[in-house]
Amino acid sequence: MDERPLLLLTGASGGLGRELVPRLRAGGFRVRALDLSADGVDADEVVTGSVTDVDVVDAALAGVDAVVHLAGMSKERAWPDVLHANVHGTWVLLDACVRAGVGKVAFASSNHAVGLTTRPEGPPLAADTPFRPDSYYGWSKTAGESLCRLFVDRAGLDVVVLRIGSCFPHPGGVRGLSTWMSYDDCARLVTAAVDPAVTGWHCVWGVSANTRRWWSLAEGEAIGYHPQDDSERFAAEVFASEVPQDDDDLVGGDFHRTPLGEPN
Ligand code: 15L
């Protein structure tokens, strides 16, 4: 009998999912990948289908210890697409968790839920910074967070909302020096979030221990997330780069410049 906890990773074949699968497996989890196509995802098990399909999700949840919900649009898209994939998909998943008796969910939210918040000059922003979505995409994350809260309060799920900054191989630009989360730190954050000892509702920033970060680590530390990386090692390279730097003063960067509903 395999004692390793079984995680269902929705959206496992996306950019972040592909990076998390091997790290979570190396960290002692079995990973069941759920996505429209999981070609090339090196998971223990694969379920092919949509997170908006109740039958698919019901089947995918059998025997699962915790869910890491990454599926959905990861940028601005047309309203019907954002609503269906990000909001309806999250409801399908949470509702199915209750039916299946799966009590633990880590929800991949985004800094764009508060994207219109001004970058702080003083102390970092707390993880319960009020919603200021900068796009339909950012709004869908506020809706997802709020649905999670409803399912914690009304159905007894344990949910950690991860307000993820910029999870990429490297920071990319000046904004990224503040918002970056390394893939290794993301795996550390997910590992903390699915720990059975972490119960009830939590909202934490998904960010590395960046020298220039705008976001508090206190809420993450409270659930056992201790980031090891700092974007500062990329700073010289970023400032020397000729890539145009974003000059917005909002945490969500230039998302607000894209017309609502137009892909960015
Ligand atoms: C996000 O939420 C997106 O999924 C990602 O593609 C980046 O745009 C990131 O935010 C960011 O703010 O850098």
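# Ligand shell and salt bridges

Q: How far from an oxygen atom of the ligand does a polar side-chain atom of R175 lie?
A: This is a predicted model: local features need pLDDT of at least 70, side-chain atom pairs count only at pLDDT 80 or more, and totals for chains, interfaces and linings use all residues. Residues are numbered from 1 along each chain as its sequence is written, and side-chain values use heavy atoms, without hydrogens or water. A polar contact is a pair of N or O atoms within 3.5 Å. For R175, the computed distance is 2.7 Å.

Q: How much of the ligand's accessible area does the protein cover?
A: A polar side-chain atom of H112 lies 2.7 Å from a ligand oxygen. S74 uses a backbone N or O atom, 2.6 Å from a ligand oxygen. On its own, the ligand has 320 Å² of accessible area (Shrake-Rupley, 1.4 Å probe), and the protein covers 86%.

Q: How many residues of the ligand shell are nonpolar?
A: The residues around the ligand include K75, N111, Y137, F168 and F255. Six of the shell residues are polar and two are charged. The nonpolar count is three.

Q: How many salt bridges does a search of the whole structure find?
A: Side chains of opposite charge can pair when their charged atoms come close. Here, a salt bridge is a side-chain nitrogen of Lys or Arg within 4 Å of a carboxyl oxygen of Asp or Glu. The search returns 15.

Q: Which residue is linked with D2 and R4 in a network of salt bridges?
A: D2 and R4 form a salt bridge, with the closest N and O atoms 2.6 Å apart. D2 is partly exposed at 33% relative accessibility (buried is under 20%, exposed over 50%, partly exposed in between; 1.4 Å probe, protein chains only). R4 is also partly exposed, at 33%. The network that links D2 and R4 also holds R30.

Q: How many residues apart are D42 and R25?
A: Their side chains meet in a salt bridge, 3.5 Å from N to O. D42 sits in the loop between β2 (30–35) and β3 (45–48), and R25 in helix α1 (residues 15–26). The separation is 17 residues.

Q: Is R163 buried or exposed?
A: R163 pairs with E145 in a salt bridge, the closest N and O atoms being 2.8 Å apart. E145 lies in helix α4 (residues 136–155) and R163 in strand β6 (residues 158–164), so the pair ties together parts 18 residues apart in sequence. E145 is buried at 2% relative accessibility. At 3%, R163 counts as buried.

Key
A residue is near a molecule or strand if one of its heavy atoms lies within 4 Å of it. A polar contact is a pair of N or O atoms within 3.5 Å; within protein, one must be able to donate a hydrogen and the other to accept it, and residues adjacent in sequence count only if both atoms are side-chain atoms. Ala, Val, Leu, Ile, Met, Phe, Trp, Tyr, Cys and Pro count as nonpolar, Asp, Glu, Lys and Arg as charged, and the others, Gly among them, as polar. Helices (H or I, at least four residues) and strands (E, at least two) are DSSP runs, numbered from the N terminus.
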